[in-house]
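Here are my notes on the model you sent over. I went through the ligand site, the surface and the charged pairs, and then a few single residues.

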Amino acid sequence: MKDLMTQDDLKQAVASAARDYVIEHLPPGAILGVGTGSTANFFIDEIAGIKDRIGGTVASSEATARRLAGHGLRVLDLNEIDAMGIYVDGADEIDASMAMIKGGGGALTREKIVAAVADTFVCICDASKRVETMGKFPLPVEVIPMASAFVSRELVKLGGVPKLREGMVTDNGNVILDVHGFSITDPVGLEAQINQIVGVVTNGLFARRGADVLLLSSANGVQSFLR
Ligand code: 5RP
């Protein structure tokens, strides 16, 4: 029976484990940060059932804000709050140091901002996202539109192969370059190096501030890892 679990079953299982984590660790009435993507969407649907014990949420994208509000969860502006207990979000890849590649859904900048405010980053994903060395998933970089050609040339100098994500405009009005070809052995260093290119808003490496808790879903159940 377990072999028949679909990707959505795994996302559902980890979302439900994350809801339990919130019940156990977030004081009633406290603020919860909520990520973006299909796994985060399962999580949003799960916390609809516990909305009375959540003081408010901060969304990492317009899509997440709409889904939260649709469930009757209170959505706050990040500037209205001064502390956030937990941030829950998915990832495209995560390594053993709990560094992640994020931004497959294009929400990396707001995700990184909300994550920076949270005391605890809880990453939720299925076991396919856990890798030895990150980089197979192209690294998203959010760029001010007028700088995209310049930033692309600089990324090539770093050994990457950037491709403009066609038809994508971020919630912040910018474009995304997806950078192929990296084998990321120094996530903290590469994150800093890319962020120093003029015109880059931020990149999808979450290494300096990685995950604190990983809930990883597989056919054997949901396993929990701490940084
Ligand atoms: C969005 C993200 C997502 O967390 C990441 O892309 C994983 O998405 P999914 O849960 O759909 O696999 O960073 O910007």
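**Notes on the predicted model**

1. By class, the ligand's shell is made up of nine polar, five charged and two nonpolar residues. For the classes, Ala, Val, Leu, Ile, Met, Phe, Trp, Tyr, Cys and Pro count as nonpolar, Asp, Glu, Lys and Arg as charged, and the others, Gly among them, as polar. There are 16 residues around the ligand, and those that come nearest are Ser 38, Thr 39, Asp 92, Gly 103 and Lys 129. To be near, a residue needs one of its heavy atoms within 4 Å of the molecule or strand in question.

2. Some housekeeping before going on. This is a predicted model, in which local features need pLDDT of at least 70 and side-chain atom pairs count only at pLDDT 80 or more, while totals for chains, interfaces and linings use all residues. Residues are numbered from 1 along each chain as its sequence is written, and side-chain values use heavy atoms, with hydrogens and water left out.

3. Have a look at the glycines beside the ligand. A backbone N or O atom of Gly 105 sits 3.3 Å from a ligand oxygen; for Gly 104 the corresponding distance is 3.4 Å, and for Gly 106 it is 3.4 Å. The protein buries 90% of the 380 Å² that the ligand exposes when taken alone. Polar contacts here are pairs of N or O atoms within 3.5 Å; within protein, one must be able to donate a hydrogen and the other to accept it, and residues adjacent in sequence count only if both atoms are side-chain atoms. Accessible areas come from the Shrake-Rupley method with a 1.4 Å probe, and for residues only the protein chains shown count as cover.

4. Val 201 belongs to strand β10 (residues 200-203) and, at 33% relative accessibility, counts as partly exposed. The cut-offs are under 20% relative accessible area for buried and over 50% for exposed, with partly exposed in between (1.4 Å probe, protein chains only). Helices (H or I, at least four residues) and strands (E, at least two) are DSSP runs, numbered from the N terminus.

5. How many salt bridges does a search of the whole structure find? The search gives eleven, where a salt bridge is a side-chain nitrogen of Lys or Arg within 4 Å of a carboxyl oxygen of Asp or Glu. One of them joins Arg 19 to Glu 46, with the closest N and O atoms 2.6 Å apart. Arg 19 is in helix α1 (residues 7-25) and Glu 46 in helix α2 (residues 38-47), so this pair ties together parts 27 residues apart in sequence. Arg 19 is partly exposed at 21% relative accessible area, whereas Glu 46 counts as buried at 16%.

6. Next, Lys 102 and Asp 89 meet in a salt bridge at 2.8 Å, N to O. Lys 102 lies in the loop between β5 and α4 (108-117) and Asp 89 in strand β3 (residues 84-89), so the pair links distant parts of the chain, 13 residues apart. Lys 102 and Asp 89 are both buried.

7. Asp 178 and Arg 165 also form a salt bridge, their closest N and O atoms being 2.8 Å apart. Asp 178 is in strand β9 (residues 175-180), and Arg 165 is in the loop between β8 (161-164) and β9. Both ends count as buried: Asp 178 at 11% relative accessibility and Arg 165 at 17%. As for networks, salt bridges with shared partners join Arg 19, Asp 20 and Glu 46 into one.

8. Check the backbone at Met 98, where phi is near 75 degrees, a positive value in a residue other than glycine. Most residues other than glycine have a negative phi. Met 98 lies in the loop between β4 (93-94) and β5 (100-101) and is buried, at 4% relative accessible area.

9. Lastly, Thr 57 is in strand β2 (residues 56-59) and is buried at 1% relative accessible area. A polar atom of the Thr 57 side chain lies 2.7 Å from the backbone oxygen of Arg 74.
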